Amino acid sequence: MAVELNELRDKIDSVDKQLLDLLAQRLALVEEVGKVKSEHGLPIYAPDRETAMLASRRQEATKQGVPPQLIEDVLRRVMRESYASEKDSGFKCLKPELRSVVLIGGKGQLGSLFARMFRLSGYQVEILERDDWETADDILSQAGLVIVTVPIHLTDGVIAKLDNLPDDCILADFTSVKKQPLQAMLNVHKGPVVGLHPMFGPDVPSLAKQVIVCCDGRDADAYQWLLQQFAIWGASVCDVSADDHDQGMTLIQALRHFTTFAYGVHLSQIKPDVQKLLQLSSPIYRLELAMIGRLFAQDPNLYGDIIFSSQENLAMIEGYSRSFNESVRLIQQGDSQAFIEQFNKVSDWFGDYSKQFMQESQSLLKHAHDAVHRG
């Protein structure tokens, strides 16, 4: 039996080596694709091409008796690496005549990411930090685009200093709240103004499929090239009003981060054995625990800035606290029927999204489970 098993394993090793050779060939072809896209100004992410290719490969897999989800999982992982590789070819510069791009706070993690993207596209990039304001006038006088990417509590003060930009300079910000900074930029600058919010962290391997929120301020025609440049980098631009953005972020960021913070505080107080929790965890709880740990591995000032940024956030958190306490009372009263009724009301509110989220979460959980090593 051992001899037979070793022979089969040797054959599997041989196939794996062939797969490696094929992956190397594919990545080399992707590099060539990246050069062509860069030359012609094509986005690195082409959703129609991706959808058609995956559908074709799934069909071919079925004919060969290979589970279609297997080939899709493999190709999606390969494509993620491909998007990261394509950016190394650089990008077409859509506004070669533009004066310098100035990133205020550009040495921060997000600022550094965008500084690199602009440089890969051939733009001249200047960085302004807290200690650089003595030379700021000279740098800003030559700016064609100024992006403020500093902590929320510093944003208004920085914007107030930008009262002498060239009239045609585009003024933008990356703040995770939009209404107040956008109004501050409109007050201080007479030229084009746009509020931007990259909905991702600085650790993304590429901007493919990432979302950048755009809130119009003034003279949208003047900054359309910038949105198109984002698209070439692979990002999707989501146009919303500043009010709608801030209302959404109250739920997506402030409330979500606060509940994660509170859960982490509770865990730290009862002090469970994290290793034991991991051993006992289903994939979904392991993923939830990972998201909590992820929050506390990052800068507390960033999350404090987001949560404390508005009274609307406080009102939402207080409302959540009331809902939480009402749910606790159901448990205290032992009212399982009321619990079920409430559960069904929420299920009805989600509607078809429940099924969609069930399917999406199942896929995520499979990947989470694959990454687990149990000795």
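# Close-up views of selected sites

View 1. F357 is partly exposed, with a relative accessible area of 38%; under 20% counts as buried, over 50% as exposed, and the range in between as partly exposed (1.4 Å probe, protein chains only). The model is predicted, so local features need pLDDT of at least 70 and side-chain atom pairs count only at pLDDT 80 or more, whereas totals for chains, interfaces and linings use all residues. Residues are numbered from 1 along each chain as its sequence is written, and side-chain values use heavy atoms, leaving out hydrogens and water. F357 belongs to helix 15; helices (H or I, at least four residues) and strands (E, at least two) are DSSP runs numbered from the N terminus. Together with V346, W349, F350 and Y353, F357 forms a nonpolar patch on the surface, and the five residues share about 560 Å² of accessible area. Two or more residues of the nonpolar patch come from each of helix 14 (336–350) and helix 15 (353–370). Helix 14 contributes the most to the nonpolar patch, namely 3 residues. Patch residues have over 30% relative accessible area and no salt bridge, with like charges joined within 9 Å and nonpolar side chains (Val, Leu, Ile, Met, Phe, Trp, Tyr) within 5 Å; areas follow the Shrake-Rupley method with a 1.4 Å probe, only the protein chains shown counting as cover for residues.

**View 2. The second largest pocket.** About 470 Å³ of space lies in the second largest pocket. Its lining comprises 14 residues, of which L19, L22, I71, V74 and L75 are the closest to its centre. At least two lining residues come from each of helix 1 (2–40), helix 2 (47–63) and helix 3 (68–86). The largest contribution to the lining of the second largest pocket is that of helix 3, with 5 residues. By type, the lining of this pocket holds 10 nonpolar, 1 polar and 3 charged residues (Ala, Val, Leu, Ile, Met, Phe, Trp, Tyr, Cys and Pro are nonpolar, Asp, Glu, Lys and Arg charged, the others, Gly among them, polar). On a 1 Å grid over the protein atoms alone, a pocket is an open set of points where a 1.4 Å probe fits, with protein on both sides within 12 Å along at least five of seven lines; lining residues have an atom within 4 Å of a point. Its volume is the space filled by probe spheres set on the points.

View 3. The whole structure contains 12 salt bridges, each a side-chain nitrogen of Lys or Arg within 4 Å of a carboxyl oxygen of Asp or Glu. In one of them, the side chains of E50 and R76 meet at 3.3 Å, N to O. This pair links distant parts of the chain, with E50 in helix 2 and R76 in helix 3, 26 residues apart. E50 is buried, at 6% relative accessible area, while R76 is partly exposed at 37%. Another salt bridge joins E60 and R57, whose closest N and O atoms are 2.9 Å apart. Both E60 and R57 lie in helix 2, separated by 3 residues, about one turn of the helix. E60 is partly exposed, with a relative accessible area of 35%, and R57 is likewise partly exposed, at 30%.

**View 4. The salt bridge between D243 and K179.** The side chains of D243 and K179 form a salt bridge of 3.4 Å, N to O. D243 lies in helix 9 (residues 242–270) and K179 in helix 7 (residues 179–188), so the pair ties together parts 64 residues apart in sequence. D243 is partly exposed, at 39% relative accessibility, as is K179, at 49%. Elsewhere, salt bridges that share partners join E50, R58, E72, R76 and K209 into one network.

View 5. K209 occupies the loop between strand 5 (193–198) and strand 6. The phi of K209 is near 70 degrees, a positive value in a residue other than glycine. Most residues other than glycine have a negative phi. With 38% relative accessibility, K209 is partly exposed. I212 lies in strand 6 (residues 211–218) and is buried, at 0% relative accessibility. D219 is found in the loop between strand 6 and helix 8 (220–232). Phi of D219 is also positive, near 60 degrees, and D219 is partly exposed at 42%.
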